[in-house]
Amino acid sequence: MRRIISGIRTAVLMICLTAALGITVYAEETVQVSFDSLTLQSDGSASWSMSGAPENREVEYYQLRLSRLSNNHWNDSYRSVNVREDNYYNFSFGSTGVYRFMVRARFYGGGVTQWSGYSNEVTVTRDDVDHWSDGGGLDPAMDIIYNNNKNGNYGPGYALGVSSGTTPGGGPMSAGPGAASGTSGWVEDSKGVWYRFSNGTYPSNGWHYLDNNWYYFDASGYRVTGWIWYNDHWYYCCPGGYMVTGWNNVNNKWYYMDPSGIMQTGYITINGLAYYLDPSSGARFENGYTPDGHYFDKDGVMII
C-alpha cells in the first residue's frame, strides 16, 4: 500500500511540474508503416521509402543507424544520425569495411515507427574512402598504410620490423647524412628519410618509438608522413615525421587526435568545451548548425 501511495504521489508531482513548466509530454506511440527500397551505395549514399503512415502524421525526422562488420560481428551502434531531408543521406565513409543501415521515422507531436529491416550490404574499399572535404576520392599527397600483419592488433607501442645489411633503397649500408659510422641517427637519401641504428639495422614496416616520438616506417624502411590508416583508425604524422596528438591544423582544417594518436570524430569535450568533429573526415565543424540542431561558433565551440 505504501508503494502504491508513493507511486501516486510521484505521478501527481510530475504532472504538477510539467504543467508549471509548460511542458507537453507525449506517449511513445508506435506508428505502423512499411519501409521499402533500402539501398546503400559504396560512396555512402543511402536511400529508402516509407508508406502507410496516417495522413494526419508528418515526419519530423528520420533516424538512421549505420552498422559495420568487425571481427565477424555487426556493430549496430557504429554511427547514428538524424536526417531531416526526405529519404536520403550520404554517410561519406571514412573507413574501409562492410556496412549496412536501418531507419525509422519520428513524427511531429510524438510517435515513432518501428525500425526497418536492414539494407543491402556494401563493401567499401580504399578507392571508395572519402576522407577529404572535396569528395574527390584519394588525395595523391596522402600516404595510406594498411596493416597486413595477422599476428595481432598493432599500433603505436609495437615495432614490427628491423632490417639490416643494406639501406632501405637497396644499396650498401653506409653512415649517410647525419649519421656517422657506428652511431644511430636519421639518414636521408634520394628516396626518402630512414633511421639507422648503431648496429647497422633500421626500423621498417610499422610504428617505432624514437627520440621520444612515434614514427611510422613503410615496408622498405622509409619514414611515412601525412595521414596513415592503421587498424581501422586514422593517424597523422606531421612533415617532421612524428605522430601528433591533440589539436592539429591540416590543410586549414582542425582535427583532434587522442593521446594514442587516433583521430577523433563526433562530439568531444575538451577543457569543458564541446566540439563536433565530422563523423567521416574528422574535421572540426564551425560556424553553423549540425543536423541535430546545435550551433557552433567560428572556433568550433558549441553555443547551443
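Reader: Which residues form a nonpolar patch on the surface?

Author: This is a predicted model, and a patch of this kind gathers nonpolar side chains that lie within 5 Å of one another. Here Y289, I303 and I304 form such a patch, and together they have about 350 Å² of accessible area.

Reader: Is Y289 buried or exposed, and in which strand is Y289 found?

Author: A residue is called exposed when its relative accessible area is over 50%. Y289 has a relative accessible area of 53%, and therefore counts as exposed; in the chain, Y289 belongs to strand 23, which covers residues 288–289.

Reader: How many helices and strands does the protein have, and what is the order of the strands in the open sheet of three?

Author: The protein has one helix and 24 strands. In the open sheet of three strands, the order is 2-3-6 and the pairing is antiparallel. Strand 2 (34–40) and strand 6 (88–90) are the edge strands, since each of them pairs on one side only, and the twist from one strand to the next averages 15°.

Reader: Over how many bridges do strand 3 and strand 6 pair, and which residue stands opposite A46?

Author: Strand 3, made of residues 45–51, pairs with strand 6 in the antiparallel sense over three bridges, and A46 stands opposite Y89 of strand 6.

Key
Residues numbered from 1 in each chain as written. Predicted model: local features only at pLDDT ≥ 70, side-chain atom pairs only at ≥ 80, totals over all residues. Heavy atoms only, no water. Patch = residues over 30% accessible without salt bridge, like charges linked within 9 Å, V, L, I, M, F, W, Y side chains within 5 Å. Areas by Shrake-Rupley, 256 points an atom, 1.4 Å probe, with all protein chains shown as cover. Salt bridge = Lys/Arg side-chain N within 4 Å of Asp/Glu carboxyl O. Helix = DSSP H or I, 4+ residues; strand = E, 2+ residues; numbered from the N terminus. Buried < 20%, exposed > 50% of the residue type's maximum accessible area, 1.4 Å probe, protein only. Pairing = 2+ DSSP bridges. Axes fitted to C-alpha atoms, helices over the stretch in contact; angles between N-to-C directions.
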